[in-house]
Amino acid sequence: MEPSLPRIGIFGGTFDPVHEGHINLASAAAEGADLDQVVFVPNYISPFKQNTNVTPGEMRCEMIRRILHRNPAFSLSDHEIRLNRSCYTWDTLSYFSEKYSCDLYFILGLDSLMTLDSWYRGEEIIEKYKIITGVRPGTDYGAAIEKANKYRSQLKGNITFVDLKPMAAASSEIRRNYSAGRITENMVPPEIIGFIEENGLYKD
């Protein structure tokens, strides 16, 4: 009997900063889908892109490194940062599909699931890769179930919903709070609070 392939989840995002909501989804995906590894893949965002004020890629990677101890399945890839250019999700998933001999999953938020079929080669992502998304207690996700069933029937999609802890966190809100002099400790791990303060991030 051949050994089963490792189950690896790819979790992309800006992670500016990485916060408890990200950790919540990544942990739930690892447990709920029995993943061997969850790879955080921070996006490259051009510093010259209009109306974008984003923390440099290496600093965002360092913040992720500081939370990897939270779960033995967690790991980091700076693949998109090293490419020094914006990447389509399809291209990133293709890279990891070729890099690893594995059973590959794509982890994303519930809002993103709703529009996934409109992404660049989104229907092919749904057809080729297993999808994991999370739902918080008390959330009405009937529309997401309906969308997932559409993906399953039309594209043979494999969609897994995992239960999240009752927590809401958003990087944009955290940055606004820091800019206003407020620290939202329930949203941000202590390791990240320390890094933000050491480097004077989100002050302007």
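Residues are numbered from 1 along each chain as its sequence is written, and side-chain values use heavy atoms, with hydrogens and water left out. Because the model is predicted, local features need pLDDT of at least 70 and side-chain atom pairs count only at pLDDT 80 or more, while totals for chains, interfaces and linings use all residues.

Helices (H or I, at least four residues) and strands (E, at least two) are DSSP runs, numbered from the N terminus. Six strands form an open sheet in the order β3-β2-β1-β4-β5-β6, and their pairing is parallel; two strands pair if DSSP finds at least two bridges between them. β3 (74-76) and β6 (159-163) stand at the edges with a single partner strand each, so one side of each has no neighbour in the sheet. On average, neighbouring strands of this sheet are turned by 30° against each other, direction ignored. For such angles, axes are lines fitted to C-alpha atoms, for helices over the stretch in contact, and values run from 0 to 180 degrees between N-to-C directions.

Strand β4 (residues 103-107) pairs in the parallel sense with β1 (residues 7-13) over five bridges and with β5 (residues 130-135) over three bridges. L104 in β4 is the bridge partner of I8, R7 stands opposite D103, and I132 in β5 is the bridge partner of I107. Five of the five residues of β4 are buried, where buried means under 20% relative accessible area, exposed over 50% and partly exposed in between (1.4 Å probe, protein chains only). In a regular strand the side chains alternate between the two faces of the sheet. In β4, D103, Y105 and I107 point one way, and L104 and F106 the other way.

Helix α4 (residues 89-99) lies across β1, β2 (37-42) and β4, and runs at about 150° to β4.

Helix α1 (residues 20-32) has 13 residues and reaches 17 Å from its first C-alpha to its last, close to the 18 Å expected, a span given by 1.5 Å times one less than the number of residues. Of these 13 residues, 10 are buried, including H22, I23 and L25. D34, which follows α1, has a positive phi, near 55°.

The axes of helix α2 (residues 57-65) and helix α9 (residues 190-199) come within 9 Å and cross at roughly 150°. The two helices are therefore roughly antiparallel to each other (under 35 degrees counts as roughly parallel, over 145 as roughly antiparallel, 65 to 115 as roughly perpendicular and the rest as oblique). M59, E62 and M63 in α2 meet I192, F195, I196 and N199 in α9, contact being heavy atoms within 4.5 Å.
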